[in-house]
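Let's go through this one together, question by question. Have the sequence and the model open as you read.

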Amino acid sequence: MLQHSFVLDALETTGADTFSHFEVLIEEHIQMEGRSQPSRLQQLVPTIGVFHTPLPLRAAFQIYNDKHRLTKRKHIQISFNELRHILNLAQIIAMRRKEVPGKEAFALLATSTRNMMERLKSDESEYDASLSHPIDNSTEFNGDYSGLDNRQLNGPKLISFDGDQTLYSDGSNFDDNPKLARYMELLLRHGTVVAVVTAAGYEYNVERYEFRISGLLQYFAKQKLTEEECERFYLFGGECNYLLRLEADYHLHPVREVGPGGWMTATQYLPDSPGNWEESKITALLDVVEKKANAVLKDLCLRGRVIRKKRAVGLVPNPDSEITRESLDEAVLSYQEELHAMNGGAGPGLPYCAFNGGTDAWVDVGNKRVGVQILQSYLGIQQAETLHIGDQFLNTGNDYAARAVCPCIWIINPKETTYILKSILRLAGLSLELSEMASSIEDEASLENVDGDASKSQQSLDFGEMQRRAEAAKKMDVYTGELYTPP
């Protein structure tokens, strides 16, 4: 529809109405969930999934268009990435207005759009142009943290993050993004639960997880998060297999699995909870994948190796080698084909995730749908109050499964994650707080070049140096989690 409007040079007059039409279709789709009759949206897109909240698409489009003038372009139509940004913006706006039901939410957003745009135009702070958005200062902050422990952010109650390429570059560690660390700190201080749900699975070898996010943990310690704030931070390793929580010593600790307060015990009523998995089925699944991974390695003459863990099998490149994306996708689709054929076509009988990790191809027992669902159940948080942020939402990605249990934000790199969090905080009315807190640490570190070359400012908070001092010459194989000292 947008393409037709662009070709007919009518996007300026019909673009907003097109987004309004899809707002109506989405709301209708939500209302018809569970009925045998398909919605109009499902008839247009048979593979459409679940919507956990209405989406104020018209307001998001108008805000985005007011900044980027999409409707003024004559030669380049709206791109996929621009649609992704508009949908992301609509989702975070919708979650801020979660206390206002149905049509009232749309009316409220519509009446405030003009004011939001004016604030956007007058905002002089620097932020990613692709994620420009309005500021709502209805709830301002005076810079004092006292009394904030029980204050709930006007937004998601639980935000889960992918690891690689969402919080840090693929295969790297969280060691060079103090602005992202600060926004995560603010979420924790305002009552939001923050969870890293990652495919990295090192069982309960805490040191290996801490190595990946050591810069973030050191930042929390430096900012003196309270015990209550620390306990809002979780890490779920192996998609949904190993749950850890941050405690007052600023270290991760395994959460009890069974017995009183055990997360497996508490979520055993969920059919796909790891507490219900049979070891024989896990072994059978991994055997099938390992055999297929070795076959792919041989057939495609790849410079790599197959790694088998307790609940995962991966095809990874040799040191100083790479595997092409096409070969990795071939491996993932081959895994999926073999797994679908198990037990006479019934599948392995367990939730799993076959995905292209960018440099490797894995199959994990369990997936992020299960991981996020367990967190929701364990913490008593509803699906519509949860937000998952990740970069792998294609059918060969491991964030794809999370769409079934919560709203999602599709980003492509840590920089976009940073601005999504900034958007959530500013829409919650915390824009004043961000500027005040940034200035409060100028004596310790300059944040001016966070999004640029850190080498340009010798005063910048050097997370890399913090890491080097803490770990000396240690390195880690991100695939196996083995720590070693280079020769």
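## A walk through the predicted model

Thr226 sits in the loop between α9 (214-222) and α10 (227-230). Keep in mind that this is a predicted model.

Q: How far apart in space are Thr226 and Ala248, C-alpha to C-alpha?
A: Thr226 belongs to the loop between α9 and α10. Along the sequence, 22 residues separate Thr226 from Ala248. In space, their C-alpha to C-alpha distance is 7.0 Å.

Q: Is Thr226 buried, partly exposed or exposed?
A: Buried means under 20% relative accessible area and exposed means over 50%. Thr226 has a relative accessible area of 29%, so the label is partly exposed.

Q: Which residue stands opposite Cys353 in β9?
A: β8 pairs with strand β9 (residues 361-365) in the antiparallel sense, over five bridges. Across from Cys353, the β9 residue is Asp364.

Q: Is Arg311 buried or exposed?
A: Arg311 is in the loop between β6 and β7. Beyond its neighbours within four places in sequence, Arg311 is in contact with residues including Tyr242, Trp277, Glu279, Leu286 and Asp364. Its relative accessibility is 12%, and the cut-off is under 20%, so Arg311 counts as buried.

Q: Which residue in β11 stands opposite Gly390?
A: β10 has strand β1 (residues 158-161) as a parallel partner, joined by four bridges, and there Ile159 stands opposite Leu387. Strand β11 (residues 408-410) also runs parallel to β10, joined by three bridges. In β11, the residue opposite Gly390 is Trp410.

Q: What kind of aromatic pair do Phe80 and Trp410 form?
A: A search of the whole structure turns up seven aromatic pairs. For Phe80 and Trp410, the ring centres are 5.5 Å apart and the planes are at 75°, so the pair is edge-to-face.

Q: How many residues apart are Phe80 and Trp410?
A: Phe80 is exposed at 53% relative accessible area, while Trp410 is partly exposed at 23%. Ring pairs also link Phe80, Phe393 and Trp410 into a cluster. With Phe80 in helix α5 and Trp410 in strand β11, the pair links distant parts of the chain, 330 residues apart.

Q: What is the angle between the ring planes of Phe236 and Trp263?
A: Phe236 lies in strand β3 (residues 233-237) and Trp263 in helix α11 (residues 263-266), so this pair ties together parts that are 27 residues apart in sequence. Phe236 is buried at 1% relative accessible area, and Trp263 counts as buried at 0%. The pair is edge-to-face, with 5.3 Å centre to centre and a plane angle of 90°.

Q: What is the handedness of the crossing of α5 and α16?
A: The axes of α5 (residues 80-96) and α16 (residues 414-427) come within 10 Å and cross at roughly 35°. Arg84, His85, Asn88, Ile92, Ile93 and Arg96 in α5 meet Glu416, Ile420, Ser423, Ile424 and Leu427 in α16. These contact residues divide into five nonpolar, three polar and three charged. The crossing is right-handed.

How values were computed: Residues are numbered from 1 along each chain as its sequence is written. This is a predicted model: local features need pLDDT of at least 70, side-chain atom pairs count only at pLDDT 80 or more; totals for chains, interfaces and linings use all residues. Side-chain values use heavy atoms; hydrogens and water are left out. Axes are lines fitted to C-alpha atoms, for helices over the stretch in contact, and angles run from 0 to 180 degrees between N-to-C directions. Helices (H or I, at least four residues) and strands (E, at least two) are DSSP runs, numbered from the N terminus. A crossing is left-handed if the near helix is turned anticlockwise from the far one by less than a right angle, and right-handed if clockwise. Contact means heavy atoms within 4.5 Å. Ala, Val, Leu, Ile, Met, Phe, Trp, Tyr, Cys and Pro count as nonpolar, Asp, Glu, Lys and Arg as charged, and the others, Gly among them, as polar. Two strands pair if DSSP finds at least two bridges between them. Rings of Phe, Tyr and Trp (its six-membered ring) pair if their centres lie within 6.5 Å; planes under 30 degrees apart count as stacked, over 60 as edge-to-face and the rest as tilted. Buried means under 20% relative accessible area, exposed over 50%, partly exposed in between (1.4 Å probe, protein chains only).
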